[in-house]
Amino acid sequence: MTIEESPEDVAQVLRHALAGDDLPDSFTLLGREWDLHRGVFPGTLGAATEVMASIVPYPKGGSFLEVGCGTGVISVTAALDGCAFVTALDINEKAVANTVANAERHGVSDRVRVLHSDMYAALEPAERFDAIFWNVPWTYVEDGFPLSTDLHSAVFDPGYQGHARYLAGAHDHLADGGRLLLGTADLGDRERLDAFAGEAGLRVELLHRVRRIEEVGVMEYHLLELHPQ
């Protein structure tokens with residue numbers, strides 16, 4: 001999705017993802033086959049899922065938390081890449097079921113726990129993780145923009161309030177020496193993100209920049225790390 005696309009155009013794509021009869025029940029990514037449930041944002045509409053799954057620094061032997069797990073590609077890949085314990089969160093119950101299915105499909109359901117959660121709400125207060133990651137919905141829209149389907153929150157973040165909550169709440173669940181990571185794109189509102197990071201006492205570091213040619217043009221994906229100021 002690009003900022004230049006109208007919300008109406010994006011909404012049409014989302015409605016198709018919710019109910020399109022022509023969508024497959026599986027897709028191939030990173031050399032693996034993945035289940036796709038209707039009503040879950042397809043990880044192949046753009047390259048963001050593939051890019052982030054390939055460049056996130058998974059804490060091998062450690063614990064990994066993903067906010068907004070979608071189909072579960074990143075959480076399952078974290079377990080396959082050596083994380084001892086993975087927790088995947090999503091506000092969309094269909095995404096929770098989809099991630100459970102993909103964890104079972106790839107034999108890591110013993111290491112991947114999936115919770116229905118609005119941001120960190122389903123976590124216990126004492127839970128800590130060696131890395132926390134969210135591939136954020138970088139499309140900025142103003143506060144009050146209606147999230148009229150279950151999938152709108154995968155694309156739109158009104159007022160970047162989700163970004164702000166992610167940054168502000170991470171400290172309560174980050175282990176000592178843990179890493180706070182965020183996936184976005186050059187189409188996101190970096191100035192606004194930096195402002196929210198500053199309010200949370202964090203500074204932003206660009207870890208990776210990956211450019212991909214897509215139907216909408218050249219997309220540039222960014223993996224960021226947030227550090228205490």
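The second largest pocket of this predicted model is lined by 15 residues, and those nearest its centre are His171, Leu174, Leu180, Leu202 and Pro228. H5, E9 and E11 are the elements that each give two or more residues to this lining. The volume of the pocket is about 210 Å³. Its lining divides into nine nonpolar, four polar and two charged residues. Here Ala, Val, Leu, Ile, Met, Phe, Trp, Tyr, Cys and Pro count as nonpolar, Asp, Glu, Lys and Arg as charged, and the others, Gly among them, as polar.

A pocket is found on a 1 Å grid over the protein atoms alone, as an open set of points where a 1.4 Å probe fits, with protein on both sides within 12 Å along at least five of seven lines; lining residues have an atom within 4 Å of a point. Grid points are joined across faces, edges and corners, and the volume is the space filled by probe spheres set on the points. Helices (H or I, at least four residues) and strands (E, at least two) are DSSP runs numbered from the N terminus.

Now to the elements themselves. Helix H5 spans residues 161–170 and is mostly covered, with seven of its ten residues buried. Buried means under 20% relative accessible area, exposed over 50%, and partly exposed in between (1.4 Å probe, protein chains only). The buried residues of H5 are Gly162, His163, Ala164, Tyr166, Leu167, Gly169 and Ala170.

Strand E9 (residues 174–185) has partners that run in both senses. With strand E6 (residues 129–135) E9 runs parallel, joined by six bridges, while E9 and strand E11 (residues 217–228) pair antiparallel, also over six bridges. Two strands pair if DSSP finds at least two bridges between them. Gly183 of E9 is the bridge partner of Asn135, and Gly183 also stands opposite Leu223 in E11.

How much of helix H2 is buried? Because six of the eight residues of H2 (residues 48–55) are buried, this helix is largely enclosed by the rest of the structure. The six are Ala48, Thr49, Val51, Met52, Ala53 and Ile55. Their cover includes strand E1 (26–29), helix H3 (73–80), E6, E9, strand E10 (202–214) and E11.

| Residue | Relative accessible area |
|---|---|
| Thr87 | 0% |
| Tyr160 | 1% |
| Asn92 | 7% |
| Met119 | 9% |

Thr87 belongs to strand E4. Contact means heavy atoms within 4.5 Å; leaving aside residues up to four places away in sequence, Thr87 touches Phe64, Leu65, Glu66, Arg113, Leu115, Leu123 and Phe129. Thr87 and Phe129 are 42 residues apart in sequence, with their C-alpha atoms 9.0 Å apart in space.

Asn92 sits in the loop between strand E4 (85–90) and helix H4 (93–105). A polar atom of the Asn92 side chain lies 3.0 Å from the backbone nitrogen of Lys94.

Most residues other than glycine have a negative phi. Met119, although not a glycine, has a positive phi of about 55°; this residue lies in the loop between strand E5 (112–116) and E6. Tyr160 also has a positive phi of about 55° without being a glycine, and is found in the loop between strand E8 (156–158) and H5.

Residues are numbered from 1 along each chain as its sequence is written, and side-chain values use heavy atoms, with hydrogens and water left out. As this is a predicted model, local features need pLDDT of at least 70 and side-chain atom pairs count only at pLDDT 80 or more, while totals for chains, interfaces and linings use all residues.

Technical notes:
A polar contact is a pair of N or O atoms within 3.5 Å; within protein, one must be able to donate a hydrogen and the other to accept it, and residues adjacent in sequence count only if both atoms are side-chain atoms.
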